[in-house]
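The sequence and structure are shown first.

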Amino acid sequence: MNPELLDDVIRRALAEDAPWGDLTSEVFLPAGSRATAVLVSREPGILSGLDVFARTFELVDERSVVEKVAADGDRIEPGTVLARVSGSAHSLLRAERIALNLSQRMTGIATLTAQYVALTAGTRARIVDTRKTTPGLRMLERQAVRDGGGHNHRFSLSDAVLAKDNHLAVLAAAGIPVGDAIRAARSRLGHTAHLEVEVDRIDQIEPVVSAGVDTIMLDNFTPDELREGVAIVAGRALVEASGGVNLDTVESIAATGVDLISVGALTHSVRSLDLGLDIEIA
């Protein structure tokens, strides 16, 4: 993750949480109070966001000392000690909620991603994320996907060409064949730019692939249709499956021979994993 962008995310979250300081600590705790906090997992999962957790305390108070006991990507169990933080009690309590919010969400994403990855073991399919991320947190959520063993799709609209159903609808309304649009787009792109097109019918596959795409996305295809699509593409492009992907269906989708399976649920509907931060005053 880009350190400057990470600091910006954390600073904005801290400013939202205490725009004029932590009133409770300021009026309730003695000046100069010291504390030690222990980060512990309360349920099993795959850890992510420990670096983000530590950086939050450092940005609140550079004198805070964070000892990492685990590492991102580690499998954790209830009671696993993940980190220890020591320093000013005021500073620790100021950073606590934001540090936990971010690391708990990232750990939830990594844990869910790992479940999808495990169900595709032995196939060629990679589990990839989508742009269905929390606004402002995409960088963190994509890192969590990687910590869970998944892979990243394009980061933003600026990174690659991905023509989806609404793009094709505009072309159809203008009377422009999709193959012509693909060839025109390719002529305007730099040689390193990736070009992907989404289709939702079998008959759309050949015109798209023969026009020269790098990846073709088969959206909401049944497993039988995915197998047929993979056979039609015949290695001329990467094949991505999208739509209708969940923990009950991903295994059968992976078995069809697709190269990529994009899963919006990794980030748009994930449950944060329960991590606890217990503070003892020295």
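In which loop does Asn 220 lie? Asn 220 lies in the loop between strand 9 and helix 9.

## Basis of the report

The model is predicted: local features need pLDDT of at least 70, side-chain atom pairs count only at pLDDT 80 or more, and totals for chains, interfaces and linings use all residues. Residues are numbered from 1 along each chain as its sequence is written, and side-chain values use heavy atoms, with hydrogens and water left out.

## Overall architecture

The protein chain contains 11 helices and 12 strands; these are DSSP runs numbered from the N terminus, with helices being H or I of at least four residues and strands being E of at least two. Its C-alpha trace spans about 70 × 35 × 25 Å along the principal axes.

Of the 282 residues in the protein chain, 47% are buried. Buried means under 20% relative accessible area, exposed means over 50%, and partly exposed lies in between (1.4 Å probe, protein chains only). Among contacts between residues at least 6 apart in sequence, 71% join residues at least 24 apart, a contact being heavy atoms within 4.5 Å.

## The largest pocket

About 370 Å³ of space lies in the largest pocket. On a 1 Å grid over the protein atoms alone, a pocket is an open set of points where a 1.4 Å probe fits, with protein on both sides within 12 Å along at least five of seven lines; lining residues have an atom within 4 Å of a point. Grid points are joined across faces, edges and corners, and the volume is the space filled by probe spheres set on the points.

The lining comprises 21 residues, of which Thr 130, Lys 132, Lys 164, Ser 242 and Ser 262 lie nearest the centre of the pocket. Strand 9 (215-219), strand 10 (238-242) and helix 11 (265-268) each contribute at least two residues to this lining. By class, the lining divides into 5 nonpolar, 8 polar and 8 charged residues. Here Ala, Val, Leu, Ile, Met, Phe, Trp, Tyr, Cys and Pro count as nonpolar, Asp, Glu, Lys and Arg as charged, and the others, Gly among them, as polar.

In helix 9 (residues 223-233), the buried residues are Leu 226, Gly 229 and Val 233. Seen down the helix axis, they fall within an arc of 60°, so they line one face of helix 9; the arc is that of the directions from the helix axis to the C-beta atoms. Their cover includes helix 8 (205-210), strand 9, strand 10 and helix 10 (250-254). The face turned away from the buried side carries the exposed residues Asp 224 and Ala 231.

Most residues other than glycine have a negative phi. Asn 220, however, has a positive phi near 60°, and at 52% relative accessibility Asn 220 counts as exposed. Ala 234, which follows helix 9, has a positive phi near 50°. Ala 234 is found in the loop between helix 9 and strand 10 and is exposed at 55% relative accessibility.

Gly 244 is placed in the loop between strand 10 and helix 10 and is exposed at 51% relative accessibility. Leaving aside neighbours within four places in sequence, Gly 244 is in contact with Asn 220, Thr 249 and Ile 253.

## Buried residues elsewhere

Asp 61 occupies the loop between helix 3 (50-60) and strand 3 (65-68) and, at 7% relative accessibility, counts as buried. Its side chain makes a polar contact with the side chain of Ser 91 at 2.8 Å. A polar contact is a pair of N or O atoms within 3.5 Å; within protein, one must be able to donate a hydrogen and the other to accept it, and residues adjacent in sequence count only if both atoms are side-chain atoms.

Ser 103, in helix 4 (residues 89-119), is buried at 2% relative accessibility. The side chain of Ser 103 reaches the backbone oxygen of Leu 100 at 3.4 Å. Val 270 is found in the loop between helix 11 and strand 12 (275-281) and is buried, with a relative accessible area of 13%. The C-alpha atoms of Val 270 and Arg 105 are separated by 7.9 Å, although these residues are 165 apart along the chain.
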